[in-house]
Amino acid sequence: MDTVKERIETIIREETAPYTQYIRQPIIGYASAQDPLYAEMSQRIGNQQLLPTELLMGAKTVVVFFLPHSLQVIQALRTGKNIVQAWSDNYLMLNDLLDHIAKTLQVKLRAEFGIMSAMEPPTNNYNDIELTAKWPHKTSAVIAGMGTFGLNHLLITKSGCAGRLNSLIIDKKLEPSVRPKSSYCLYYKTGKCSFCAQHCPSGAITKIGWNRFRCNAYLDGKNVRDTEQGCGICSSGPCAARGF
Ligand code: B12
Ligand code: SF4
Ligand code: SF4
């Protein structure tokens with residue numbers, strides 16, 4: 001394996017090692033910053049999206065890392081309570097950890113290889129009206145072949161969709177990861193699942209599309225305190241811990 005990739009993966013493994021109670025093995029992918037899909041994103045998503053080169057001059061690769069929630073957290077989510085404390089705690093903890101990992105990679109890659117990088121926060125970096133970010137991490141994850149979008153509009157990886165992710169843009173060219181040939185979502189694969197649409201309490205997920213405003217309105221009613229992040233039921237179906 002390329003030395004830089006090896007180093008990136010070691011750093012991510014080291015930084016996540018103390019958290020095995022909360023997360024499973026990280027999944028790491030690489031997208032070419034010049035992938036033509038980036039230029040299509042503004043049109044697909046419906047508002048102006050940033051290109052990797054607009055975040056970092058000389059951008060060559062986008063490194064994406066996904067931290068899947070532990071099976072215990074997924075089990076807790078399946079109890080269907082309004083606020084699942086283990087899910088909420090992981091939400092907050094993983095946002096900090098993802099940010100910390102990106103910053104650690106920035107410092108170490110620069111010191112050890114002279115690689116320059118740029119990052120955006122893992123979340124809460126979105127436009128309140130449109131409810132989209134200019135740099136959505138799941139887009140880069142799909143371009144980096146880490147999984148596919150499910151009917152639930154989440155990234156489904158081989159370790160499922162219940163997890164959180166972040167990305168780092170670097171000015172070093174690395175071999176891009178290969179994209180899967182078929183969907184990891186059972187609905188798109190076989191038509192036989194619609195768990196997320198059936199169980200979404202706000203009706204945001206349907207077979208004909210996803211209404212982020214409905215989801216947001218529902219979450220706003222649940223997340224009355226920062227330490228109580230609600231719902232996430234769309235992350236608890238058959239694709240919670242595996243892709244198909
Ligand atoms: C804004 C936002 C929200 C808003 C609006 C959601 C939205 N627009 O996606 C609200 C508040 C409602 C929300 C809710 C949730 N969110 Co949110 N949210 C974000 C945020 C900040 C930006 C997302 C964004 O811009 N989406 C716009 C586009 C990308 O999404 P989309 O419309 O679904 O995309 C479709 C098309 O545009 C097109 N498309 C887009 N990109 C690409 C790329 C390719 C190659 C192709 C072919 C197609 C394509 O296909 C997509 C699917 O049809 C990100 C963090 C970040 N900066 O990335 C987290 C993020 C998406 N949220 C996340 C999560 C987990 C949640 C919740 C479970 C809440 C929670 N407690 O964590 C729910 C789940 C709702 C759901 N089913 O998706 C995770 C997703 C994890 C995953 N496995 O995918 C993220 C990435 C946070 C993180 N750092 O991990 N979220
Ligand atoms: S719950 Fe079923 S239909 Fe929904 S995203 Fe997962 S596999 Fe697809
Ligand atoms: S977070 Fe809850 S309300 Fe939003 S899409 Fe998922 S299941 Fe529906």
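This is a predicted model: local features need pLDDT of at least 70, side-chain atom pairs count only at pLDDT 80 or more; totals for chains, interfaces and linings use all residues.

Around ligand 2 I found Leu151, Asn152, Ile156, Cys185, Leu186, Tyr187, Cys193, Phe195, Cys196, Pro238 and Cys239.

Then I looked at the space itself: what ligand 2 takes up is the largest cavity.

Next I sorted the shell around ligand 2 by class. I counted ten nonpolar residues, one polar and no charged ones. Asn counts as polar, so Asn152 is the polar one in this shell.

On to ligand 3. Its surroundings are Cys200, Pro201, Ser202, Ile205, Trp210, Cys215, Tyr218, Cys231, Gly232, Ile233 and Cys234. How many of these are nonpolar, polar and charged? The shell around ligand 3 splits into nine nonpolar, two polar and no charged.

Last entry: the helices. I checked helix H1 (residues 3-16) against helix H5 (residues 85-113) and got an angle of about 140 degrees, with the axes 10 Å apart. Is the crossing of H1 and H5 left-handed or right-handed? I noted right-handed.

I also wrote down who meets whom. From H1 come Thr3, Val4, Arg7, Ile8, Ile11, Ile12, Glu15 and Thr16. On the H5 side they meet Leu97, His100, Ile101, Thr104, Leu105, Lys108, Leu109, Glu112 and Phe113. By class, this contact of H1 with H5 has nine nonpolar, four polar and four charged residues.

Terms used. Residues are numbered from 1 along each chain as its sequence is written. Chains are lettered from A and ligands numbered from 1 in the order in which they are written. Side-chain values use heavy atoms; hydrogens and water are left out. A residue is near a molecule or strand if one of its heavy atoms lies within 4 Å of it. On a 1 Å grid over the protein atoms alone, a cavity is a set of points where a 1.4 Å probe fits but cannot get out, and a pocket is an open set with protein on both sides within 12 Å along at least five of seven lines; lining residues have an atom within 4 Å of a point. A molecule sits in a cavity or pocket if more than half of its atoms lie within 2 Å of its grid points. Axes are lines fitted to C-alpha atoms, for helices over the stretch in contact, and angles run from 0 to 180 degrees between N-to-C directions. Helices (H or I, at least four residues) and strands (E, at least two) are DSSP runs, numbered from the N terminus. A crossing is left-handed if the near helix is turned anticlockwise from the far one by less than a right angle, and right-handed if clockwise. Contact means heavy atoms within 4.5 Å.
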